[in-house]
Amino acid sequence: MTRTMKAAWGSLGVSVIALGLKFAAFWVTGSVALYSDALETTINVVGALTALIALWFSEQPADANHPYGHQKAEYISAAVEAFMVVATALAIGWEAYFGWRNPHAPETPFVGIAFSGASGIVNLLWALFLIRVGRRWRSPALAASGKHIMTDVWTSGGILVGFALIPLTGWLRLDPALAAIVAVNILWSGGQMLRESMRGLMDEASDPETLADIRRIISQNRGGAIEAHDVRTRVAGNMTFVEFHLVVPGDMTVDAAHGLCDQIEAALLARLKDASITIHVEPESQRTEGHAWSDDREGARQIMTGVGIVMLKIYEGGSPPRFRLWSDSGRSFEPRKVTIETALPSGVWRRFTMADHDGYMESIEEIPEPHAFTAYLKIGAETYAVDFVKHAQTGQ
């Protein structure tokens, strides 16, 4: 049994224990607020069971029907749990409404506080554990369960404080009012959980830090390759999918190109651990074929993008060097949607903002020496890596 499955079984056991304590608190008091707290924990049990099933399914190896694996089952589990949380909030709101219309004093409140407080301590310790290991093991299902249980902890804490005030203040409607507050808090939590699960189901790219590491690793291990472009990523559970195009000299042998891809793949796997990497190798001639550049375009890098072919060049022309970018089709871009970052071999990064000119874009910032770096061109949501070396800047 894997560690994530053990954690999922533990989550189910802890949820059952907390559920028993909270229903005991409701049983001895008859409190609407404590009933709402117990009702939420019922969803914790169902959610833990759902996560357990999803984790088991996600760990099954890829097969003919699911060649990319089953990791997205975790996001489905998180989405199902989020919907259950929202349903719980509505049920609690309904109970709070009737409790407000027909208020009554809770029985043996201090015994109920003891039962509810014990369940809160159990949940707090387990929620902190699940959130930590969910992030460390890159398990959306465990992380979602941990966050859900943590909302239960805050809910229980608020209820206990307010519930203790009922016998002191004599305000009976404080009980259903607390239940209503719990419902709103749970509804907000469910919305956040649903948002995070949808991000995974919609194939969201890796976080900016990981994406920057991927580009850096490709640049440092490119060997004899000329450039890499169309770098794309998506995340499913603990698996990261990476794909990009690698431009190599036309005279490089298939064996050498294959070895270069293996080298880059090994370096990426060392950083990402669980990853599926696809590299499309293309010859240098492919990126320049059929394009007659004018003198102004010498030394430019042709980049195939999702919006067509663009050219990127370090332009000096008697002035301090700056980046120039233009489209072969004459298409213009919004400056705010285009940025360039450079990474020197020493690890120094610089960012350049672009301004629109007549027929091209130019960086506002000057490019300091040396002109040997990897430039990361970002157009909208897509990023393209291009290598520049000093000897390639001819005609300047």
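Let's start at one residue: Lys273, which follows helix 8 and has a positive phi, near 70 degrees. Helices here are DSSP runs of H or I, at least four residues, and strands are runs of E, at least two, both numbered from the N terminus.

A word on the source. This is a predicted model, where local features need pLDDT of at least 70, side-chain atom pairs count only at pLDDT 80 or more, and totals for chains, interfaces and linings use all residues. Residues are numbered from 1 along each chain as its sequence is written, and side-chain values use heavy atoms, leaving out hydrogens and water.

Back to helix 8. Which residues of helix 8 are buried? They are Ala257, Leu260, Cys261, Ile264, Ala267, Leu268 and Leu272. Buried means under 20% relative accessible area, exposed over 50%, and partly exposed in between, with a 1.4 Å probe and protein chains only. These residues cover an arc of only 130 degrees around the axis, so they sit on the same side of helix 8. That arc is taken from the directions from the helix axis to the C-beta atoms. On the face turned away are the exposed residues Asp255 and Ala270. The buried residues pack against helix 7 (208-220), strand 2 (239-248) and strand 3 (275-283).

Now the cores. A nonpolar core is a set of buried Ala, Val, Leu, Ile, Met, Phe, Trp, Tyr and Cys residues joined through side-chain atoms within 4.5 Å. The largest has 21 residues, and among those touching the most other members are Leu312, Phe323 and Phe373. Strand 10 gives the most to this core, with 4 residues. Apart from it lies another core, of 19 residues, including Ile218, Phe244, Leu272 and Ala275.

Next, charges. The structure holds 8 salt bridges. Each is a side-chain nitrogen of Lys or Arg within 4 Å of a carboxyl oxygen of Asp or Glu. Arg324 and Glu362 form one, at 2.8 Å, N to O. Arg324 is in strand 6 and Glu362 in strand 9 (residues 361-363), 38 residues apart. Are these two buried or exposed? Both Arg324 and Glu362 are buried.

Take another pair: Glu341 and Arg351, with closest N and O atoms 3.2 Å apart. Glu341 lies in strand 7 and Arg351 in strand 8, so the pair ties together parts 10 residues apart in sequence. Glu341 is partly exposed, at 25% relative accessible area. Arg351 is partly exposed too, at 49%.

Last, a network: salt bridges link Asp213, Arg216 and Arg271.

Key:
Contact = heavy atoms within 4.5 Å.
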